Amino acid sequence: MDAQVIAAQRKIETMIDQLIQGLPRIGELSREERRDIIARYSAVLEGNFIYWMTATLIATQSPDARPIILENLHEEVRDAHPAMLRRFAIAARAYPTDQDALAVNEDLTKVRLFLGRLSAVQSLATMAFFEGFIQRFMGYLAALAAAQGSTEMEYTDVHGVCDIAHTEGLFRALAAEMSVNPLGPDQDLLEGVNLLRALMEQVVFYRAAALA
Ligand SMILES: [Fe+2]
């Protein structure tokens, strides 16, 4: 892998480490706060993960990168990951309401519009961050649900394992795409990663304005 991809991977992994290390301790969260994190996570992931991976596929030109993304999508659709996530949220009594959806609306819209620009290398970096974050977040998400009294853990069990391979695959796809479709000189490789990080921070740390 070339030096630019290795540097990007290190940066993305550091951003994920920081986000994971900054997670609030589950014992210090109220029942309501635990519920809200699961609900906002579901509001973002259930309807958008496949959409965003599809946007990335549409943008990607490299014949070595496209099969990696397709395989990822294949698994998402075949195994009905959105259905798995919905079961997880319902079992934890954390199915999102309009308030949960609105709490993440602004940052979610920014990520949607960004991926709509179909900038392949930036989109692949964004999805590599997403997969890497999800995989590292699974233990925490499962612990939140367990603290709510749920035992439905298929979603977190599946994603703690499969996303390790998916994250590696996305960095390989990023390297392949960069070689045929490099970034323009004024493009920031991490533009979408930064937008997605802000969205995941809203998922974890959002507090209703009324409380401030
Ligand atoms: Fe999935």
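Predicted model: local features only at pLDDT ≥ 70, side-chain atom pairs only at ≥ 80, totals over all residues.
## Overall fold

Walk along the sequence and you get the pattern α-α-α-α-α-α-α-α-α.

## Size and packing

How does the radius of gyration sit against what a compact globule would have? With 212 residues, such a globule would come in near 17 Å, and the protein chain has 17 Å, so the two agree. If you want a box around the C-alpha atoms, it is roughly 50 × 40 × 30 Å along the principal axes.

As for the inside, 42% of the 212 residues count as buried. Take the contacts between residues at least 6 apart in sequence: 89% of them join residues at least 24 apart.

## Helix H2

H2 covers residues 31–59, which makes 29 residues. From its first C-alpha to its last it reaches 41 Å, close to the 42 Å expected at 1.5 Å a residue. Where does H2 bend? Look at Asn48, where the bend is about 50°.

## A look at Ile164

Ile164 sits in helix H8, which runs over residues 154–180. Its C-beta has 14 others within 10 Å. Buried would take 20 or more and exposed 12 or fewer, so Ile164 is partly exposed.

For a sense of distance, pair Ile164 with Gly116: they are 48 residues apart in sequence, and their C-alpha atoms are 26 Å apart in space.

Key: Residues numbered from 1 in each chain as written. Helix = DSSP H or I, 4+ residues; strand = E, 2+ residues; numbered from the N terminus. Rg over C-alpha atoms; globule rule 2.2 N^0.38 Å. Contact = placed C-beta atoms within 7 Å. Expected span 1.5 Å × (residues − 1). Bend = angle between axes of the 7 residues up to and from the residue.
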